[in-house]
Amino acid sequence: MSVTLRTKLPQVGTTIFSVMSALAAQYEAINLSQGFPNFPCDAYLLELLNKYARSGQNQYAHTFGVPALRQAIAQMVATQYAAIYNPDTEITITSGATEALYAAITAIVRPTDEVIVLEPCYDSYVPAIELNGGKPVFVALQAPDFRPDWAQIRAAITPKTRAIILNTPHNPTGYVWTPSDMDTLAALVADTDIIIISDEVYEFMSFDERPHLSVSRYEALRERAFIVSSFGKTFHTTGWKVGYCLAPEAFSAEFRKIHQYLTFSTHTPTQYAIAEYMQEPTRYTQLASFYQQKRDKFVGLLQGSAFGIIPTQGTYFQLLNYEKISQESDTVLAEKFVKEIGVAAIPVSVFYHNKQQDKVLRFCFAKDDETLEKAAERLRQLPQRF
Ligand SMILES: Cc1ncc(COP(=O)(O)O)c(C=O)c1O
């Protein structure tokens, strides 16, 4: 008798990121689809990794994370956001932000609980909610800049609402939450049991003098929040998968119960290396100007093209509106771009549960200048009506 396996995630297939990267490789296209830098991280960070690996830091790390790294994060959060988190009880190191998001959702979501998800959104939130028996309640962000629609968010809240997931700076749209967004959220959840899960992996990539408004800056939000971030984005090391979660002690205690059995601990020498590297704050505070220059370069090169461009406010993604070029769906057009002009991008509809069409593609500009120049040259040549 053959054993049948009933999927717990019927909607989930191969992610678009794998599909587009494979297609880009097959057609030798310039890959601006998946979000990762094509340039190396700082050689000094590699030296530190080497130093700690060679000096014998190669066994299981403390399950909550190497103390030196938790202390470095506490220091960073205190200076950047004026927020005090106890490194012993309120900061946990995880294997990437993805693990932290999964652990936070698992710690709080029970069957039939509702979680408000603002779309378009990063693809790990919904499966994590569903695997825990929860129900995602979708609210669309408002094009063209994709700000939160507060009337709709308010209308989506019910007695079953367990949490709201927010992401600022936002992937894929680049929107950065404003003081008014934060104040409105705080007023909305006051006197409720709603928990905030704040995905802040692009915390050091907020442009044009816009401060990153971490939820940790707001006492009324911080006391009910899991805040998640990742060093992959900050130090050009997405493959290292080291992230962290800030949460009040009682929240962290529940989070740690899950983390303990998900991964137990995170790669040891990398944690030591990052802890030492963080002792010089300019190594993360200069990231915004680094990526702002890349954004300006990419956007500048595309001026005069047929794309509609609103310069991104944060992250290393730029959305391009293609309404004037094609009326095709974004998935069809993204595939055509790879095959016919040799540039891979991500169709934004994949970040919506209902595959909503905003006629925009997402391009990652965390690439060296030569790659950006070549990609822009190809994109600039696109005729109206492709
Ligand atoms: C919004 C968002 N959250 C979380 C992650 C995952 O981060 P990590 O690679 O550290 O798991 C990403 C990565 O692309 C992201 O864009």
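Predicted model: local features only at pLDDT ≥ 70, side-chain atom pairs only at ≥ 80, totals over all residues.

On the side of domain 1 that touches domain 2, the elements that give two or more residues are α13 (287–301) and β10 (317–321), and α13 gives the most, with six residues.

Across this interface the rule finds one salt bridge. A salt bridge joins the side chains of Arg-295 and Asp-208, with 2.8 Å from N to O.

The domain assignment gives domain 1 as 16–41 + 285–380 and domain 2 as 43–280, and the centres of the two, taken over C-alpha atoms, are separated by 25 Å. The contact takes 29 residues from domain 1 and 33 residues from domain 2. Together the two domains bury about 2,800 Å² between them, and 64% of this area is on carbon and sulfur atoms.

Strand β10, named above for its share in the contact, also belongs to an open sheet of four strands, which has the order β9-β10-β13-β12 and antiparallel pairing. The edge strands of this sheet, each pairing on one side only, are β9 (308–309) and β12 (346–347). Five bridges link β10 to strand β13 (residues 360–364) in the antiparallel sense, and Leu-320 has Leu-361 in β13 as its bridge partner. Helix α14 (residues 330–341) packs on this sheet, where it touches β12 and β13, and its direction makes about 45° with that of β13.

As background, strands of a sheet pair through backbone hydrogen bonds, either parallel or antiparallel.

A further open sheet has seven strands in the order β2-β8-β7-β6-β5-β3-β4, and its pairing is mixed. Here the edge strands are β2 (91–94) and β4 (135–140), each of which pairs on one side only, while the twist averages 20° from one strand to the next. Within this sheet, strand β3 (residues 114–119) runs parallel to β4 and is joined to it by six bridges, and the bridge partner of Glu-119 in β4 is Ala-140.

Methods:
Residues numbered from 1 in each chain as written. Heavy atoms only, no water. Pairing = 2+ DSSP bridges. Axes fitted to C-alpha atoms, helices over the stretch in contact; angles between N-to-C directions. Domains from an automatic or database assignment. Contact = heavy atoms within 4.5 Å. Buried area = accessible area lost by both parts, 1.4 Å probe. Salt bridge = Lys/Arg side-chain N within 4 Å of Asp/Glu carboxyl O.
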